[in-house]
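Please open the structure in your viewer and keep the selection panel at hand.

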Amino acid sequence: MTGPSLPERLAVVREGVADAARAAGRDARELTTIVVTKFHPASLIRELADLGVREVGESRHQEAQQKAAELAGLGLRWHFIGQLQSKKARQVRAYADVIHSVDRPGLVSALTSASTSEEPRVDCFIQVNLTDDPARGGVAPAGLEALATRLLTAPGLRLLGVMAIAPLGEEPRGAFARLRAASERLVSLAPDATAISAGMSHDYAAAIAEGATHLRIGSAITGNRPQHG
Ligand SMILES: *Cc1c(COP(=O)(O)O)cnc(C)c1O
């Protein structure tokens with residue numbers, strides 16, 4: 001027995017996104033769907049590109065770097081969505097168009113010092129931690145303004161908005177409402193930083209209802225991730 005094909009799963013998610021946008025009274029054209037391809041081979045990203053996908057998300061540096069090199073020329077936009085070590089910042093900058101996981105001043109510095117005047121600006125989201133566990137990625141909501149102020153004055157970086165992952169064991173809608181509140185605080189400081197990166201395979205409708213603009217959807221489109229050793 002075979003399940004739905006990649007084009008079928010992509011179509012189902014595109015429809016689901018359009019439905020959720022309609023339900024929220026929003027225009028689906030203001031939403032960017034990033035297909036998260038971590039752990040999958042470059043060949044799958046090629047298939048996605050043939051289906052019209054241009055925005056892809058990866059969470060592990062070495063894997064992302066290899067795929068970006070192998071698939072250069074397909075016109076893809078690479079979104080780095082995983083936790084990022086400062087010592088890897090310069091390398092990630094070299095291929096990532098957007099970094100969703102800026103969460104501390106040290107990382108802003110590392111990304112900044114990597115920039116020379118010839119380098120294009122890299123788009124950034126500040127990741128906000130919606131849990132009480134400081135070990136999870138993201139800045140505590142109370143630290144958002146200070147980090148944003150730092151990022152806004154960093155040469156070579158452009159702040160798009162906030163990003164978060166819904167905590168386990170909680171209704172995602174409430175968590176995304178807290179993210180929206182954080183976004184409103186950010187916009188009062190940085191009027192252009194209106195984007196909200198939120199929503200994964202199982203919670204994107206709730207994220208859209210709370211104003212998400214950038215959805216990071218993996219398994220609902222790609223199928224289950226291969227085992228990784
Ligand atoms: C893996 C991942 C996703 C996608 O998760 P799915 O449940 O497969 O849709 C989104 N965001 C981040 C940060 C991830 O690591």
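Begin with a cartoon view of the protein chain, in which the secondary structure comes to nine helices and eight strands, and keep in mind while looking that this is a predicted model.

Next, select the ligand, whose space is the largest pocket. Which residues surround the ligand? Select V36, K38, I81, I165, M200, S201, R216, I217, G218, S219 and R225 to show them; this shell divides into five nonpolar, three polar and three charged residues.

In the side chain of S201, an N or O atom is 2.5 Å from an oxygen atom of the ligand, while in the side chain of R216 an N or O atom is 2.9 Å from a nitrogen atom of the ligand. At S219, look at the backbone instead, where an N or O atom lies 2.8 Å from an oxygen atom of the ligand. Finally, display the surface: the ligand taken alone exposes 390 Å², and the protein buries 90% of that.

Technical notes
Residues numbered from 1 in each chain as written. Predicted model: local features only at pLDDT ≥ 70, side-chain atom pairs only at ≥ 80, totals over all residues. Heavy atoms only, no water. Near = heavy atom within 4 Å. Polar contact = N/O pair within 3.5 Å; in protein donor to acceptor, adjacent residues only side chain to side chain. Areas by Shrake-Rupley, 256 points an atom, 1.4 Å probe, with all protein chains shown as cover. 1 Å grid on protein atoms, 1.4 Å probe; cavity = no way out; pocket = protein on both sides within 12 Å on 5 of 7 lines; lining within 4 Å. Sits in = over half its atoms within 2 Å of the grid points. Nonpolar A, V, L, I, M, F, W, Y, C, P; charged D, E, K, R; others polar. Helix = DSSP H or I, 4+ residues; strand = E, 2+ residues; numbered from the N terminus.
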